[in-house]
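Please open the model in a viewer and keep the selection tool at hand.

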Amino acid sequence: MPWNQDSGQTIGFPECMSAVPLPYRILALVQERNYLFQYPLERLAGEIKDAGFRCEMCGSCCTQAVTRNIFLLDHDVVALTQIDPESFEPAPDPEFCDQDGTLYTSGYALKMRGENPRACWFLEKDRCRIYDQRCSICRIYPYMLRRIRDPGGRFRWRRVSRPGEHGHCHGDIPDEECRTLAREVKEYENAFITQQISFLETIQEYFTRHSLVHDHSRYLRGISQVSRGSPVTIRVYKAGELVEHRDYIRGGQKVTA
Ligand code: SF4
Ligand code: SF4
């Protein structure tokens with residue numbers, strides 16, 4: 001599933017995930033959301049206070065030097081459509097491909113442009129052109145609340161992205177700001193998981209209704225076309241629908257719907 005990645009220059013595709021039956025994946029996400037609900041807000045606020053992170057406004061998290069993919073929630077897409085409808089595109093890492101070769105991805109991502117590194121559409125001279133209206137993930141970064149597996153296979157919570165590698169730590173953040181941040185992080189993570197669940201449920205219903213199946217060979221061919229910059233047909237999850245983009249070229253101009 002796509003989301004703000006810490007690093008990585010290449011496009012990675014979750015080939016193995018499409019092999020897991022959808023009901024199991026949905027159940028696993030519902031379980032994740034339950035764990036998230038159970039995480040005490042005050043505990044997270046205290047951890048944010050202890051970290052004392054202060055951004056030094058270097059702008060690197062808005063570039064592919066740090067962030068491979070800036071995933072958008074449904075309400076971000078609504079807002080960006082008003083601000084600049086050219087600023088986003090189907091998120092990389094499509095998860096499914098049907099027997100006709102159409103790819104399916106769980107949402108949109110901010111478009112990247114420029115080179116070395118490619119940077120967010122809205123980044124100009126290391127500053128965000130829409131700072132007051134920036135997207136949900138941009139508002140909470142580098143905070144997060146995700147369970148990840150450690151090398152021993154045990155789950156642990158991850159709360160800060162790239163700790164110690166950017167910004168300043170051990171600053172004094174007012175208690176109220178910590179609580180606000182904690183609330184925003186939990187809201188974001190809940191909205192993210194909920195969108196992933198809804199994407200899978202929509203795929204399940206759509207594939208059943210149209211007698212479609214996931215075709216792994218065509219999936220690999222489609223991924224290769226995207227990497228080479230060849231046009232593909234892709235359907236993007238958006239508020240319970242799968243919006244079709246024909247002749248889509250990643251990062252290119254040729255996007256028709
Ligand atoms: S959050 Fe970190 S990477 Fe992003 S601008 Fe601030 S210091 Fe730089
Ligand atoms: S919208 Fe602004 S804050 Fe978010 S990634 Fe783009 S430039 Fe950075």
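## A tour by selection

Begin with Ser211, which sits in the loop between α5 (175–209) and α6 (216–228); helices (H or I, at least four residues) and strands (E, at least two) are DSSP runs, numbered from the N terminus. This is a predicted model, in which local features need pLDDT of at least 70, side-chain atom pairs count only at pLDDT 80 or more, and totals for chains, interfaces and linings use all residues. Residues are numbered from 1 along each chain as its sequence is written, while chains are lettered from A and ligands numbered from 1 in the order in which they are written.

**Positive phi outside glycine.** Ser211 is not a glycine, yet its phi is positive, about 50 degrees. Is Ser211 buried or exposed? Ser211 counts as exposed because it has 8 C-beta neighbours inside 10 Å. The cut-offs are these: a residue is buried if 20 or more other C-beta atoms lie within 10 Å of its own, exposed if 12 or fewer, and partly exposed in between, with C-beta atoms placed from the backbone. Next select Asp126, in the loop between β7 (123–124) and β8 (127–128). Its phi is near 65 degrees, again a positive value in a residue other than glycine. Asp126 is exposed, with 12 other C-beta atoms within 10 Å.

Cys128 is partly exposed, with 17 other C-beta atoms within 10 Å. Beyond four places in sequence, Cys128 is in contact (C-beta atoms, placed from the backbone, within 7 Å) with Cys62, Phe122, Leu123 and Arg134. A C-alpha distance of 8.1 Å separates Cys128 from Gly59, 69 residues away in sequence.

Now move to Cys120. Leaving aside neighbours within four places in sequence, Cys120 touches Cys62, Ile70, Leu110 and Met112.

**The largest nonpolar core.** A nonpolar core is a set of buried Ala, Val, Leu, Ile, Met, Phe, Trp, Tyr and Cys residues joined through C-beta atoms within 7 Å. The largest one has 53 residues, of which Leu72, Ala109, Leu110, Cys120, Ile137 and Val185 touch the most other members. Colour α5 next: this helix gives the most to the core, with nine residues. In soluble globular proteins, nonpolar side chains tend to be buried together.

Select ligand 1. Around it are Cys55, Glu56, Met57, Cys58, Gly59, Ser60, Cys61, Val66, Tyr141, Pro142, His166 and Gly167. The shell comprises seven nonpolar, four polar and one charged residues.

Tyr141 and Pro142 are joined by a cis peptide bond with omega near 10 degrees. Pro142 lies in the loop between α4 (136–140) and β9 (143–149). From there, step to Val160, whose C-alpha atom is 5.5 Å from that of Pro142, although the two are 18 residues apart along the chain. Val160 is part of strand β10 (residues 155–160) and counts as partly exposed, with 18 C-beta neighbours inside 10 Å.

Pro117 is in the loop between β5 (112–113) and β6 (119–120).

**An open sheet.** Display the four strands in the order β2-β3-β11-β12, an open sheet of mixed pairing; two strands pair if DSSP finds at least two bridges between them. Its edge strands are β2 (96–97) and β12, each pairing on one side only. Strand β11 (residues 232–238) runs antiparallel to β12 (residues 241–248), and six bridges join them. Within this pair, Val232 stands opposite Tyr248. The β11 and β12 hairpin has two residues between the strands, and Ala239 there takes a positive phi near 50 degrees.

**Helix α1.** Finish at helix α1 (residues 22–38). Of its 17 residues the number buried is one, so α1 lies largely in the open.

Terms used:
A residue is near a molecule or strand if its C-beta atom, placed from the backbone, lies within 6 Å of it. Ala, Val, Leu, Ile, Met, Phe, Trp, Tyr, Cys and Pro count as nonpolar, Asp, Glu, Lys and Arg as charged, and the others, Gly among them, as polar. Two residues are in contact if their C-beta atoms, placed from the backbone, lie within 7 Å. The expected span of a helix is 1.5 Å times one less than its number of residues.
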